[in-house]
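Please consult the sequence and the model shown here alongside the text.

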Amino acid sequence: MPRSVRGAARLLGFALAAASLAACAPSAADPAPGTLQVSAAPSPSATGGSSPAPVPEPVALAADRGRRSGGVVAVGGGDSAYNYAPSLVVEGGRHRMWWCSQLGVAQPDGDDVLYAEATSADGPFAAPDGSPARPVFSGSGSGFDAMHTCDPSVIKVGSVYYLYYTAAERDNVDNGSAVGVAVSSDGLTWTRWGSGPIITPSGEVIRDNVYGAGQVSALWLDGWVYLMFTDTTGAAAGWNGAGQFVLRSQDPTFATGVQALGPGGFTAAPDTRPRTRSIVDAFSADWMYVDALEAFVIAHSTEHGTTLTSWNRDFTANPHPPVHIPGPWAEGPGLVRTPTGHAPTSPEDPCGRVPVDVVRATVEGESGAPTALARFGLDLAGVPGCATEEAARVLDGFAVPSPENTVDLVLGGEVVRVERRSVADRLATRVLDRRPPAVDRLEVVERVPAGVPAVRAPDGQVGLLLEGDRLWLVDDAEVAALNSSPVTDVGQRAWAAYEKAGGLRR
C-alpha cells in the first residue's frame with residue numbers, strides 16, 4: 001500500500017464504511033419527512049420532581065441564503081493524498097483551519113494535522129509562509145499516538161489553545177484509537193499534555209466496527225469544556241458503532257472533575273469511560289453552541305448532505321426540527337465557529353439570524369480517502385433570539401436605541417449609555433435599529449455624556465474620564481474628538497493612578 005494512504009487505511013476504513021451505512025439507514029437525528037424528533041424528558045429521579053417535565057413542541061427554523069464555494073478551498077499540497085475532518089475558528093479577521101492529512105515531510109509516517117488560514121471560508125487557504133498548508137502536529141513516535149494524529153478540534157480558553165485529536169500508535173490497532181490533547185499559545189506550535197490519552201474506548205460492546213474512540217469535537221460554555229466523540233465500543237452506540245457521546249469538565253485536560261452525559265443528565269464520572277447515552281446517530285460530527293437559540297447544534301453527514309440537529313441546554317429535548325445543508329460530501333463537516341466553539345454572530349441581525357457554514361470533504365480521492373474540501377452554508381432565519389438575558393449574549397459589542405434618546409452599548413451583559421450616535425457608531429460592532437426586549441433587563445453601569453474630559457498616556461492609550469474619574473479606554477483620540485472631549489497628555493504615574501473601569505474598544 002502506498003505510504004501516503006497507510007494512515008487513512010487505519011483511521012478511515014471502518015469509520016467510512018459504517019458512516020455510509022448510517023447515512024442510508026434510519027437515523028435518530030434525521031427523522032422521516034413530516035415527523036419531529038423530540039427526546040424524552042429525564043426521569044423523575046433525575047429532575048427531583050414527582051413527574052417528568054413537559055417536553056416543548058419543536059419550533060421550526062427557516063433556512064435561507066444557501067451558499068457554497070466555487071470549488072476546493074484548501075489542499076495539503078506536496079504528496080498529501082487526502083484532506084478531511086477540518087476544525088475552523090474565526091479569529092482576528094482570519095478563518096483558521098486545522099485538518100487531517102499526510103505529508104511526507106512530516107514524520108513519522110502517518111496522519112498529520114495541517115494548518116492554513118484565509119480571509120473567508122471560501123478560501124483559498126494557505127499557511128502563513130504562503131505554502132498550501134503547514135504540518136503542525138504529527139505522531140510522537142512512541143506511546144498511544146506514536147503514528148497517527150487526526151480529526152482535530154481546536155478551541156481557545158483564555159489565552160490557551162487546546163487541540164483535541166484522534167490518535168493511534170500504529171496501523172490496524174483494533175479498538176485502539178483514542179483521544180489526546182495538546183496545548184499552544186498560538187495554534188501553531190503544540191505541546192502534548194500528559195503521557196497518555198484522555199479518552200479511550202470503553203470496551204463495553206465489541207462490534208465489527210473496530211475503530212475505537214475518536215472524532216472528537218470540543219466547545220467551551222460557562223466554564224465547562226464539552227467534548228462530543230465517537231466510541232464504537234460504547235454501550236449506547238448503534239449496531240454499526242455510530243453514536244456521539246458527551247463528557248464535560250471545568251479542566252480542559254479532563255484530568256479532574258469529569259462528568260458524563262447519561263439518560264438522566266450529567267453525573268460525576270470516576271473516569272472518562274461511561275457510554276450510556278448517545279445524542280445523535282452519526283460518525284465524524286462537529287458541534288457548536290448557538291447563543292441566540294440557547295441550544296447546541298450538531299452538524300453531521302446524512303443522505304441530505306449535512307444535517308443540523310439541535311439539543312437544548314440540558315439535553316432534555318430537541319427544540320428545533322433538523323435543518324439540512326445540501327450538496328456533495330464524502331466525510332463529516334467542520335463548522336465555522338468562534339474560538340470558544342460558539343456560532344458566529346450575524347452582524348446584520350444578531351438576534352434573528354444565525355450564519356451556519358461548514359467545510360467538508362466532497363469526493364473520494366484516487367487513494368480511496370476523502371478530499372476536495374469545500375464550503376457550504378446557509379442562514380437560520382426567524383430565530384427567536386435575545387428573548388432572554390442568556391440569549392442576549394449575542395449582542396455583546398452591539399449598540400441599540402435607548403429609552404432616553406441616546407444609544408445603549410452592550411458589553412459583557414451590561415449597558416453603557418452613550419449620548420452621541422456618532423460615538424456609538426465608532427465604538428460598536430453595529431448600531432441596530434430596534435431594541436431587543438432583553439436589553440431592558442440589563443443594568444446600565446455607565447453613562448458617556450458629550451464633552452467629558454479625555455487623557456492620553458505616554459504610550460498613546462486614550463481614555464475617557466467619566467464620573468468619579470473612572471477611566472474607560474477607547475480605541476484612539478478620534479473617539480474623543482467625536483465626543484467633543486478635550487484630550488490632556490498625562491504622565492505614566494498619573495495614568496496608572498486612574499481607576500480603570502473598563503474598555504469601550506471595538
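Two strands are taken to pair if DSSP finds at least two bridges between them; helices (H or I, at least four residues) and strands (E, at least two) are DSSP runs, numbered from the N terminus. The model is a predicted one, in which local features need pLDDT of at least 70 and side-chain atom pairs count only at pLDDT 80 or more, while totals for chains, interfaces and linings use all residues. Residues are numbered from 1 along each chain as its sequence is written, and side-chain values use heavy atoms, with hydrogens and water left out.

**Strands and sheets**

The protein chain contains five helices and 30 strands. An open sheet is formed by five strands in the order β10-β11-β12-β13-β14, with antiparallel pairing. Its edge strands, β10 (213-221) and β14 (265-268), each pair on one side only. From one strand to the next the twist averages 30°, with axes fitted as lines to C-alpha atoms and angles running from 0 to 180 degrees between N-to-C directions.

| Pair | Sense | Bridges | Opposite residues |
|---|---|---|---|
| β11 (224-231) and β12 (245-249) | antiparallel | five | Tyrosine 226 and arginine 248 |
| β24 and β25 (444-448) | parallel | four | Arginine 417 and arginine 447 |

β23 and β24 form a hairpin with two residues between them, and glycine 412 in the turn has a positive phi of about 55°. Strand β24 (residues 414-418) is largely enclosed by the rest of the structure, because four of its five residues are buried. Buried here means under 20% relative accessible area, with a 1.4 Å probe and protein chains only.

**Burial and cores**

Of the 506 residues in the protein chain, 56% are buried. A nonpolar core is a set of buried Ala, Val, Leu, Ile, Met, Phe, Trp, Tyr and Cys residues joined through side-chain atoms within 4.5 Å. The largest such core has 34 residues, of which Leu293, Val354, Val356, Leu380 and Leu395 touch the most other members. Elements giving two or more residues to this core are β15 (286-290), β16 (295-302), β18 (323-325), β20 (353-364) and β21 (370-381). The most, four residues, come from β21. A second, separate core has 22 residues, including Tyr82, Ala133, Val359 and Ala369.

Neighbours within four places in sequence aside, leucine 395 is in contact (heavy atoms within 4.5 Å) with Pro350, Cys351, Cys386, Val410, Leu432, Pro436 and Val439.

Terms used. Buried < 20%, exposed > 50% of the residue type's maximum accessible area, 1.4 Å probe, protein only.
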